[in-house]
Amino acid sequence: MAAGLPGDPGPDPAAIARVVAAALDEDLGPEPGRDVTSQSTIPPDEQGSADLVARADGVLAGLVCVPVVLDAVADRLGLDRASVEVVVPDGTRVARGDVLARLTGPVQVLLVSERTLLNLASRASGVATHTRRWADALAGTGALVLDTRKTTPGLRALEKYAVRCGGGTNKRMGLYDVAMVKDNHVAAAGSVTAAVGAVRARFPEVAIQVEADTADQALEAVAAGATFLLLDNMPTETLREVVAAVRAGEATSGRIELEATGNLTLDRAREVATTGVDYLSVGGLTHSSPILDLALDLTA
């Protein structure tokens, strides 16, 4: 069974390799590094197995990192690579005590890899678990939960993959792939219209999204050619009115994607979705998710 989320390309392999290399440098010291405990107490030719186990209920993500960590450790130690038997793939709901994967190979490799693979998989699974709560809260409304750029430095590819594992949707990966005109850009350019025009002139190939605090800003952005609006920090009734105003003009403007953002909570999620927005963006998916407790247990 594959480790990744079915039908998903997974996180960028190069990004995961960089994260794993940096994490191992932290744990083992500069390459090749060392584990003074494991390398003292375990013969390099000793073989064994270990189970990756859930210690709490949640949604699994980050299992794709496990073989990357194991291979990198084996290469650093000059030992044979360990194998991974995936029991459940990323994106699966798991319960406390579930075995997620079985690892077999040199015991030194398994134990030296333990903390790094757990850190990555626990972090990703925490994001996926949190995201699933939002996806479940929005089920049947037609609205989707979006992530943001409020990610842990170095872990964006993994955390955004984890959002997908939890049933969420990625917004933009960075500052390079989508233009997002926010209040500071409007202040610098002089108006929403001027900011949108400047982006279109400099980078005509990119999609343009515009943050709007008021109905007037939203309608100005649409008139300027924006097709995606962030409706920021609006009370529910105001949001409902702005959505209605934008939708009323879609016969002329074409379809406009609408996102509610700011001051969103799970308790309020369905209420906001009933306004007719397409998305709710939640920075907390990646900046405030607790880890899902996972463990690696050596077997006989």
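Start with Ala14: at 37% relative accessibility, Ala14 counts as partly exposed (buried means under 20% relative accessible area, exposed over 50%, partly exposed in between, with a 1.4 Å probe and protein chains only). This is a predicted model, where local features need pLDDT of at least 70 and side-chain atom pairs count only at pLDDT 80 or more, while totals for chains, interfaces and linings use all residues. Residues are numbered from 1 along each chain as its sequence is written, and side-chain values use heavy atoms, with hydrogens and water left out. Helices (H or I, at least four residues) and strands (E, at least two) are DSSP runs, numbered from the N terminus.

**Helix 1 and helix 3**

- Ala14 sits in helix 1, and its C-alpha lies 9.7 Å from that of Ala157, although 143 residues separate Ala14 and Ala157 in sequence.
- Helix 1 (residues 13-28) packs against helix 3 (residues 65-77) at an angle of about 50°, and the axes are 10 Å apart. Axes here are lines fitted to C-alpha atoms, for helices over the stretch in contact, and angles run from 0 to 180 degrees between N-to-C directions.
- That makes helix 1 and helix 3 oblique to each other (angles under 35 degrees count as roughly parallel, over 145 as roughly antiparallel, 65 to 115 as roughly perpendicular and the rest as oblique).
- Helix 1 and helix 3 cross in the right-handed sense; a crossing is right-handed if the near helix is turned clockwise from the far one by less than a right angle, and left-handed if anticlockwise.
- On the helix 1 side the contact uses Ile16, Ala17, Val20, Ala21, Leu24, Asp25 and Leu28, and helix 3 brings Cys65, Val68, Val69, Ala72, Val73 and Arg76. Contact means heavy atoms within 4.5 Å.
- By class, the contact of helix 1 with helix 3 has eleven nonpolar, no polar and two charged residues (Ala, Val, Leu, Ile, Met, Phe, Trp, Tyr, Cys and Pro count as nonpolar, Asp, Glu, Lys and Arg as charged, and the others, Gly among them, as polar).

- Four strands make an open sheet in the order 3-5-1-12, with antiparallel pairing. Two strands pair if DSSP finds at least two bridges between them.
- Strand 3 and strand 12 (294-299) are the edges, each with a single partner strand, so one side of each has no neighbour in the sheet.
- From one strand to the next, the twist averages 20°.
- Strand 1 (residues 47-54) runs antiparallel to strand 5 (residues 99-106), joined by seven bridges, and Asp51 has Arg102 of strand 5 as its bridge partner.
- Strand 3 (residues 83-86) also pairs with strand 5 in the antiparallel sense, over four bridges; Glu85 stands opposite Arg102 there.
- Helix 3 lies across strand 1, strand 3 and strand 5, at about 170° to strand 3.
- Helix 4 lies across strand 1, strand 5 and strand 12, at about 155° to strand 12.

- Six strands form an open sheet in the order 6-11-10-9-8-7, and here the pairing is parallel.
- Strand 6 (144-146) and strand 7 (178-181) hold the edges with a single partner strand each, so one side of each is left without a neighbour in the sheet.
- Neighbouring strands of this sheet are turned by 25° against each other on average, direction ignored.
- Strand 6 and strand 11 (residues 279-281) run parallel and share three bridges, with Leu146 partnered by Ser281 in strand 11.
- Helix 4 (residues 107-138) turns up here too, lying across strand 6 and strand 11 at about 150° to strand 6.

**Thr131 in helix 4**

- Thr131 belongs to helix 4 and is buried, with a relative accessible area of 0%.
- Leaving out residues up to four places away in sequence, Thr131 touches Val145, Val163, Gly166, Gly167, Gly168 and Leu285.

**Helix 7 and helix 8**

- Helix 7 (residues 192-202) and helix 8 (residues 215-224) pack at about 35°, with axes 9 Å apart, and their crossing is right-handed.
- Val192, Thr193, Val196 and Arg200 of helix 7 meet Gln217, Glu220, Ala221 and Ala224 of helix 8.
- The contact of helix 7 with helix 8 divides into four nonpolar, two polar and two charged residues.
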